[in-house]
Amino acid sequence: MSGGRALDELTVHLLLGRIVYFHVLLIAPDLPASDRAPVSGPACCRHRAPAFRSPETVLAGSAWGALLEVAAELPGHHRLCPRTSNACCAVCRVASAAAAVGSGWAAAEHRAYHQRFPEPGLLDACGRAAAGRVGRVFAARYATECAALDLLTAEPPALETLPGVDELPLTGELLALWTDPAATTQAPVVSWLNHCTGGLGDVRRVLESRRNPS
């Protein structure tokens, strides 16, 4: 997001709603049945700092809370600072959830399209990219600083390590939309995804037909 400007609330809701829509309709049915309880993660960037803004105050009842709910269904999700206090960082919480979505979607799509598990580097790159891009939008929206986000965005994953929409459409679109949301929310990157309702298998068939038109 150029200039770090905050997005209006409607745009943020559209972006988050698209994550929920794709996750519920296409990703969730393809997830392996397993215990998805969040595991303990590291403390946030200001866990022991003076109180700033409680993440529960910012996230509870807002559209951002939906992102946390989506992340909680994905393998590998962890909740920062299990014993939260008013000193905890809401940006860290959002970035952690976005990382779970980025890596979790990439894993689900790769299995569905390639019938094998992806290289760990791909999942890490997608998770870091999603965390940095979504976290940056959240931080700008609430004019909130986050030392962990600063480190993450200072050294983002190389673009060549990230999948495009022609490789992993859902993950690629997620990353593309949050790169500069103000410029892309009015024109979804992969509009044909809106017509896929049969899970990732449906996406795979459409993707193959587009790669090999008869």
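**Aromatic pairs and burial in a predicted model**

Biologist: In which helix does Leu15 lie?

Modeller: This is a predicted model. Leu15 lies in a helix that covers residues 9–27. That helix is α1.

Biologist: Is Leu15 buried or exposed?

Modeller: A residue counts as buried under 20% relative accessible area. Leu15 has 3% relative accessibility, so Leu15 is buried.

Biologist: What distance separates the C-alpha atoms of Leu15 and Trp178?

Modeller: Along the chain, Leu15 and Trp178 are 163 residues apart. In the model, their C-alpha atoms are separated by 7.9 Å.

Biologist: In what order do the elements run from the N terminus?

Modeller: The protein has nine helices and two strands. From the N terminus on, the order is α-β-α-α-β-α-α-α-α-α-α.

Biologist: What share of the contacts with a separation of 6 or more comes from residues 24 or more positions apart?

Modeller: Contact here means heavy atoms within 4.5 Å. Among contacts with a separation of 6 or more, residues 24 or more positions apart account for 79%.

Biologist: What percentage of the residues in the protein is buried?

Modeller: The protein has 214 residues. Its accessible surface comes to about 10,400 Å², and carbon and sulfur atoms hold 54% of that area. The buried share of the residues is 46%.

Biologist: Which class does the pair of Tyr21 and Phe22 belong to?

Modeller: A search of the whole structure finds four aromatic pairs. In the pair of Tyr21 and Phe22, the ring centres are 5.5 Å apart and the planes stand at 50°, so the class is tilted.

Biologist: Of Tyr21 and Phe22, which is buried and which is partly exposed?

Modeller: Tyr21 has 36% relative accessibility, so Tyr21 counts as partly exposed. Phe22 has a relative accessible area of 2%, so the buried residue is Phe22.

Biologist: What is the angle between the ring planes of Trp64 and Trp178?

Modeller: The ring centres of Trp64 and Trp178 are 6.1 Å apart. The pair is tilted because the planes stand at 55°.

Biologist: How many residues apart in sequence are the parts that the pair of Trp64 and Trp178 ties together?

Modeller: Trp64 lies in helix α3 (residues 64–72), whereas Trp178 lies in helix α7 (residues 169–179). Both Trp64 and Trp178 are buried. Because the two residues sit in these two helices, the pair ties together parts whose separation in sequence is 114 residues.

Biologist: Which residues form one aromatic cluster with Trp64 and Trp178?

Modeller: The cluster takes in Trp64 and Trp178. It also includes Phe138 and Tyr142.

Conventions:
Residues numbered from 1 in each chain as written. Predicted model: local features only at pLDDT ≥ 70, side-chain atom pairs only at ≥ 80, totals over all residues. Heavy atoms only, no water. Helix = DSSP H or I, 4+ residues; strand = E, 2+ residues; numbered from the N terminus. Buried < 20%, exposed > 50% of the residue type's maximum accessible area, 1.4 Å probe, protein only. Areas by Shrake-Rupley, 256 points an atom, 1.4 Å probe, with all protein chains shown as cover. Phe/Tyr/Trp six-rings, centres within 6.5 Å; stacked < 30°, edge-to-face > 60°.
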